[in-house]
Amino acid sequence: MDMNIVSESYKASSLNRNAENAAITELTVMQNSTAAFQVILHDNKTKWVNVGTSYRFGPDLATPIYRIQVESQLNVNVNLIDYYLDDHGIAYADKIIEDEFISYPGSLDAPILITIPTTNLAVGERSLNVKVYQGLPGQAETLIDDRQLVVHVIANPLEATTPRLHVDIWQQPANLAKQFKVGLWSDAHFTLIDQMASMLAEIGQDAVTLIVSDDPWKGWGASFIKSKPADLYETNMVTVRKRQGQVVTDFTAMQRYIDIFASHGIDTEYDLFGLLGLWDLPFYTAVPKSDYPEKIVIRYYDEDAKVYGFLSEKADIITYVKQVLQYFRLHGLWERVRIMADEPKATDLERFKDSCAVLQAQVGEATRLPLKVAFNNLEVLAALKAVVDYPVTSLYATTQTFEGVEHPQQEYYVCNMPNRPNSFLASPLGETRLLGALASELRVGGMLRWAFNCWASDAQHDINYNPNFFPVGDMGLAYPLENGRLRGSLRLLALMRACEDYALLMSVDSATRQVALASLFNNHDIASWMVDERTTADGIFSSDDDAFTKFRNILLAK
């Protein structure tokens, strides 16, 4: 058995079993941050790995058990990392689990994540020891390896006034309930929502996803993907009834969702999905016939007839929309509202403008609509730029419209494109971390990712769904555990570091910032970055550990 200590950016896989070449003996971390590294156990035999103090016999009493023990005066958290398969059958380590005792086949290394919060730690040097013990059931274990890691804690230059990356990772709350098989908007569901909000807060999330009509994305095409059925349909957070023919709304569930996110410090922005730019997909038959400009779906309960139905009268839909918008105005939240649209097409422009006219009529001509729109189509971007105060552009659209000036209200986004840098299961973790510095290089103020938890089928074991459209890992950054809890990933940890990188870039002068960015980006002719809307040219960036070490040293003036 070989044991090596490697950086947090190491991604073990069935193709990558070279931890010895990536071994480290020291790491540097700022105060009020989180130090992280991995321990990799390597051999070609089935092995049980134990990171706790409890004990259990494996099903095969002849299989060795390796126990990891970290000796340190620091507050150390130790978690095993599990693997998922991509669509090519390659296994990648990514899922941080809470089980303390699992087995790994001989074809896979055993990765263990160690994290150390540095809140309130004094500047200085510490050391810790990682020990590996080997044993068999019924036999005393033996120490087989002992490695030391030196941890350098340095001052954190970030201040409360330092600009942070605006982070908008969309949540899929109905999917969360369905995956864990709990009632929608039940106490059990809101416990999971609280876990989700806590995880997002750790990376610096700013936006709250509020879904105010049923299934704005029309299931992301699930209705015509028959090879692997999936329930990707999102549900309205607003309870709608008709009483004596009048539309009545109840915002209890939505407000509880807002309050939970606010309790974790996420209250900068409220993204309203379901009012504008609703998707229109083939084979989706659930849209009621209506004269309303949007393909809107709003389920309601008729208290008099005691049946459920869907609003179809234009007047009823407008009444509902007005009540939704008034809710935020009456509760003093309007300044934080963004009315979202996701990648409108050129053929949708007239419908988009008609919908905006309806929305404008509900708030009055004196109030500018707070529109936030994700753009990939350059024609649509040009047509709507004047009315959208909060544009979100794909990497392709961002590079093709780059002006070399700061756009603090603009965000760029990653989804199933580009091929790199991105945050897919197969993406190197350095590429995922690069997404923070990328925002600075593009001179925008934020980064958006479309899915935190848009899982298909049994995401506890399989996240491969329609990979020709959704590269594996595109549909989520978190995982449902078999113990009924939600847990993060190495990719989510990389995004946390990305947000920290962005803040450090904002803490230095412009000249230092450009020198630091030059250590990561090899080509500053941004318009030349993309081969097409999905493909990034080779040689644009460096994202290995050496590049990020140089990058941090520049920013921290080491």
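The expected span of a helix is 1.5 Å times one less than its number of residues. I start with that rule, and I keep in mind that this is a predicted model.

**Entry 1: helix α8**

I looked up α8, residues 429-442. It has 14 residues, so its span should be 20 Å. I checked the end C-alpha atoms: they are 20 Å apart, which agrees.

Next I looked for a bend. I found a kink of about 40 degrees in α8, centred on G436.

Is α8 enclosed or open? I count a residue as buried under 20% relative accessible area. By that cut-off 14 of the 14 residues of α8 are buried, so the helix is largely enclosed by the rest of the structure.

I then stepped just past the helix. There R443 has a positive phi of about 65 degrees.

**Entry 2: the largest pocket**

I noted a space of about 960 Å³ in the largest pocket. Its lining has 32 residues, and T34, M199, E202, I203 and M496 lie nearest the centre. Elements that give two or more residues to this lining include β6 (77-85) and α2 (187-203). Which element gives the largest share? I found that α9 does, with six residues. By class I noted 14 nonpolar, 12 polar and six charged residues in the lining.

**Entry 3: the second largest pocket**

Here I noted about 690 Å³ of space. Of the 28 lining residues, E26, L27, T28, R433 and T549 are closest to the centre. The largest share of this lining comes from α11, with six residues. I sorted the lining into 11 nonpolar, eight polar and nine charged residues.

Terms used
Residues numbered from 1 in each chain as written. Predicted model: local features only at pLDDT ≥ 70, side-chain atom pairs only at ≥ 80, totals over all residues. Heavy atoms only, no water. Helix = DSSP H or I, 4+ residues; strand = E, 2+ residues; numbered from the N terminus. Bend = angle between axes of the 7 residues up to and from the residue. Buried < 20%, exposed > 50% of the residue type's maximum accessible area, 1.4 Å probe, protein only. 1 Å grid on protein atoms, 1.4 Å probe; cavity = no way out; pocket = protein on both sides within 12 Å on 5 of 7 lines; lining within 4 Å. Points joined across faces, edges and corners; volume = space filled by probe spheres on them. Nonpolar A, V, L, I, M, F, W, Y, C, P; charged D, E, K, R; others polar.
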